[in-house]
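Welcome! Please take a moment to look over the sequence and the structure shown here before reading on.

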Amino acid sequence: MAVDLPSANSALWQPNRKRSKRVQFIVKSIFALFAIVSIATTAGIVLTLIYETIAFFGEVSIIDYLTDTKWTPLFQSQKFGIIVLISATFLTSGIAIIVALPLGLLSAICLSEYASPEVRKVLKPILEILAGVPSVVYGYFALLFVTPLLQSLFAWFATFPVIGLAVPELEGFNALSAGIVLGIMITPLVASLSEDAIYSVPQSLRDGSYALGATKRETVTRVVLPAALSGIVSSVILAISRAIGETMTVTLAAGQNPRLGLNPFVPVMTMTAFIVQVSLGDTPAGSLAYKTIYAVGMTLFLLTLVLNLFSFWFVRRFREKYE
Amino acid sequence: MTTPDSQTFNKDQSTQEQYFTPNLSGRYKWDTVFASFTWLAVGLSVVILAVLLISVVWDGFPRLASDFWGFLTNFPSRKPEQAGLLSALVGTVWVMITVAIFAFPIGVGAGVYLEEFATDNWFTKLIEVNINNLAGVPSIIYGLLGLQLFVRFLEPMTGGRSILSGALTLALLILPIIIVGTREALRAVPDSIRQAGFALGATRWQVIWDQVFPIAIPGILTGTILALSRAIGETAPLITIGALTFISFLPENLQSQFTVLPIQIYNWVSRPQAGFHTNAAAGIIILMVVLLAMNGLAIFLRNKFQKRG
């Protein structure tokens, strides 16, 4: 009986290598096409941006675009000084990184050097949740929680006898609270990428430092951090790039006033906020306003691309390799 | 010339030695200060998350408690007490299902190709570098692509500012995340399983389908769910392609105009009346519950997956 079974099976077994190989070829070709979708996406982004940007510069001189100090594309007297939007973007991103750098880096040090594995297991998901909160929620938080909080704080400071005179008034839309909340948003990014860099510094370096009599703080600040510096710097650059491209928080909390300057207490308009403002209105395709959002998009794309590439290059160029 | 130099050098050294004190207690004090600062930073992140959630629940819960069902089943309205989430909820469901239909097979297929089929040549490298770069492109730029490509260029097919255009835009946005997640899941499958399959005469695709997929699928699903939970909160690209902010009908097909939860929330936050801010908070509670449920599912799958591996 038991001997019969294999022979019965082998009668049924008809290897059809040709068919299997044909199926495999078809599957492989389809999947290769799917992989090419990602290249097509990049090509699509670059081509659309270039196409509409060229059309834009057919109507607006590139010198005006780069040197004008007013941004009024939707008014009668149109001015296209991109520097106005860029200054606002840099202002909010700058405030964001002032918040995120200490917060993120210290968190990374804590998670990789001080926290026990059990505590780490609890803290990392919390940071992940913070990273997963949608940006429109941060916009709500900035506009309706942080701004009123800062306003009452400013008002309280203003009651002080001498310094009170120097305290400015904080408007309902301002770059300060948008930037602070943007900083909270990118803190998990700085923390998790820096932690990876700090974590990958070999234990032998720490042991060597302890053997020379250094304390834990001295080991962390003078041995571990310098060894992980390339990873930390690149994480910060990536975070800045993320902050520059962020949209909803700055649109909701920083306002819609294109204004040149770095005053964080008044409404400003970032590049992304402008794109949203135009998109919410009804802009017919082919109009100058329509082309303008592509020109602004191109500027934004180039800025973030340069930062991202610089960050990748920095890691590769300055990474300390330990074996 | 050299002698006095070396003499002073020696003298310096001796003075240093004389004055060298380990000062351990002082250094340990700074150690404690430093350690407390790192804990403070982590604690602050936790507190901020708590404040964020509590402030949202504090503002929005009364709205949900007074009229939960009405809030979910009413169309938007000029009166905040009568405004509801219906069109946004239905729109989000439509968009997310469409996104999944496009992004899942394409993302997993591309991931399988790169991890299992592709040889290590310039083309594969190009795709890899490209995927890394795509992950860093701001989401609003994808909106500009979608506006040009899906809304304008492919209008006869997509119907313009429609669910299909929005879903395709979001699908492109999350594709890199799914591809990377798929590759990680495939890499976690031990090579011995593949080799056993080849030894029995199976083709590469048969090995992938019959042996590798059953082990890798929880990991692939985890990555996909996380990618979809990113898409569900995305606002900027959909505003750019022209999703409406005020919509009082339900979509009938993929070519209908639409709105989604985060856009409805954005609309309510940006209005001056306090009543709409309450609605926005209530909407955020709903959005966060959906997100937490998706993340919980992903973590559940990941834990199950890790135990088996």
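The points below are grouped by topic, from the chain contact to a single residue. Please keep in mind that this is a predicted model.

**Where the two chains meet**
- The contact between the chains takes 67 residues from chain A and 67 residues from chain B.
- On the side of chain B that touches chain A, the element that gives the most is helix 2 (residues 24–66) of chain B, with 18 residues.
- Sorted by class, that side of chain B has 44 nonpolar, 19 polar and four charged residues.

**The domains of chain B**
- Chain B is divided into two parts: domain 1 (2–66) and domain 2 (72–308).
- Between the C-alpha centres of domain 1 of chain B and domain 2 of chain B there are 40 Å.
- Where these domains touch, seven residues come from domain 1 of chain B and seven residues from domain 2 of chain B.
- The side of domain 1 of chain B that touches domain 2 of chain B is made up of four nonpolar, one polar and two charged residues.

**The largest nonpolar core**
- The largest nonpolar core has 173 residues, and those that touch the most other members are A:Leu85, A:Val181, A:Val190, A:Ala239 and B:Ile174.
- Helix 4 (residues 82–114) of chain A supplies the largest share of this core, with 18 residues.
- From chain B, domain 1 (2–66) and domain 2 (72–308) each give this core at least three residues.
- To picture the surroundings of A:Val181, look for its contacts with A:Tyr138, A:Phe141, A:Ala142, A:Val146, A:Thr249 and A:Ala253, which leave aside neighbours within four places in sequence.

**A covered helix in chain A**
- Helix 10 (residues 229–245) of chain A has 17 residues and runs 25 Å from its first C-alpha to its last, close to the expected 24 Å.
- This helix 10 of chain A is mostly covered, with 14 of its 17 residues buried.

**A closer look at B:Thr259**
- You can find B:Thr259 in the loop of chain B between helix 11 (236–241) and helix 12 (261–269).
- Is B:Thr259 buried or exposed? B:Thr259 counts as buried because 27 other C-beta atoms lie within 10 Å, while the cut-off for a buried residue is 20 or more.
- Not counting residues up to four places away in sequence, B:Thr259 touches B:Ser87, B:Ala88, B:Gly91, B:Ala243, B:Leu244, B:Thr245, B:Ile247 and B:Gln264.

Methods. Residues are numbered from 1 along each chain as its sequence is written. Chains are lettered from A and ligands numbered from 1 in the order in which they are written. This is a predicted model: local features need pLDDT of at least 70, side-chain atom pairs count only at pLDDT 80 or more; totals for chains, interfaces and linings use all residues. Helices (H or I, at least four residues) and strands (E, at least two) are DSSP runs, numbered from the N terminus. The expected span of a helix is 1.5 Å times one less than its number of residues. A residue is buried if 20 or more other C-beta atoms lie within 10 Å of its own, exposed if 12 or fewer, and partly exposed in between; C-beta atoms are placed from the backbone. Two residues are in contact if their C-beta atoms, placed from the backbone, lie within 7 Å. Ala, Val, Leu, Ile, Met, Phe, Trp, Tyr, Cys and Pro count as nonpolar, Asp, Glu, Lys and Arg as charged, and the others, Gly among them, as polar. A nonpolar core is a set of buried Ala, Val, Leu, Ile, Met, Phe, Trp, Tyr and Cys residues joined through C-beta atoms within 7 Å. Domain bounds come from an automatic or database domain assignment.
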